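Here are some notes for a first look at this model. Please keep the structure open while reading.

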There are 2 protein chains.
Amino acid sequence: MLGPVNHIALAVPDLAEAMARYRDRLGAHVSAPQVLPDHGVTVAFVECGPTKVELLEPWGDASPIAAFLARNPTGGLHHICHEVGDLLAARDRLVSEGARILGDGKPKIGAHGRPVLFLHPKDFFGVLIELEEVKPTSAEA
Amino acid sequence: MLGPVNHIALAVPDLAEAMARYRDRLGAHVSAPQVLPDHGVTVAFVECGPTKVELLEPWGDASPIAAFLARNPTGGLHHICHEVGDLLAARDRLVSEGARILGDGKPKIGAHGRPVLFLHPKDFFGVLIELEEVKPTSAEA
């Protein structure tokens, strides 16, 4: 069920500074920032291969990463996102096994325009896991 | 300079339980545990594509992840490892730009039998970044 790691997300207090650090110090290509009001974040992606590094800065008054940054003011590793072929089937299987889904359990549309869900960190050793639906391409199917 | 994400490491208090959780609940294949005395950890890898999830359990009396687990008793995201083509060149460039290398600054041999170094989290928004030397194959060169 668990597909490739799509991205690793870092919560940072200053997106421009984090982007510059990746670009100038680590020599990486970083995408232009994108505001995601539904998720309460501004994001930019470090393009370093099939698995991207997602930089998250809080956006708006109710950003879901505000509490994380209050606990970790300099920033830190926030979540890991895996691709799955069928998000609703994955959710239903997880729920039947006792895992909890954050929010109302319904997929939202994520930064890549695809449905996503988050699993409860208490069910996975304190780690916040995002699942993103990525349909296999015909070449992979 | 910054190559693909080789793995994401999770520190967990109970490796067998974390392995079972990935296998049984997320349907992932997990490698056999491997003790790395030089690194003070026992590791197992979740095989979910080119970027692996590395599960780390403390080993021995002076494990470098003991302090992390004291702060995060249930476990959590510990570090992110990127591949680089030339580790010493990457280190020298980073040091010349003011970044700090953990330990004595000399590469150790990591879980894949390749040289690795860790960058100081204070230079990268609280995130612990590992660099692992992976020479490009002739097909990629």
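1. The UniProt record, an unreviewed entry, places the feature "domain: VOC" at residues 4-134 of chain A. UniProt positions follow the numbering used here, feature names are shortened, and annotations may be inferred rather than shown by experiment. Over residues 4-134, chain A is 21% helix and 36% strand. The end C-alpha atoms are 10 Å apart. Helices (H or I, at least four residues) and strands (E, at least two) are DSSP runs, numbered from the N terminus.

2. The model is predicted: local features need pLDDT of at least 70, side-chain atom pairs count only at pLDDT 80 or more, and totals for chains, interfaces and linings use all residues. Residues are numbered from 1 along each chain as its sequence is written, chains are lettered from A and ligands numbered from 1 in the order written, and side-chain values use heavy atoms, leaving out hydrogens and water.

3. Look at helix α1(A), residues 15-25. L15(A), A18(A), M19(A), Y22(A) and R25(A) are buried there (under 20% relative accessible area, with exposed over 50% and partly exposed in between; 1.4 Å probe, protein chains only). These buried residues pack against elements of chain A, including β1 (5-11) and β4 (41-47), and against α3 (87-96) and β9 (129-133) of chain B.

4. Both ends of α1(A) deserve a look. D14(A) caps the N-terminal end, with a side-chain oxygen 3.2 Å from the backbone nitrogen of A16(A). G27(A) follows the helix, and its phi is positive, near 65 degrees.

5. Is E133(A) buried or exposed? E133(A) counts as buried because its relative accessibility is 16%. E133(A) lies in strand β9 of chain A. A polar atom of its side chain lies 2.6 Å from the backbone nitrogen of L87(A).

Terms used: Contact means heavy atoms within 4.5 Å. A polar contact is a pair of N or O atoms within 3.5 Å; within protein, one must be able to donate a hydrogen and the other to accept it, and residues adjacent in sequence count only if both atoms are side-chain atoms.
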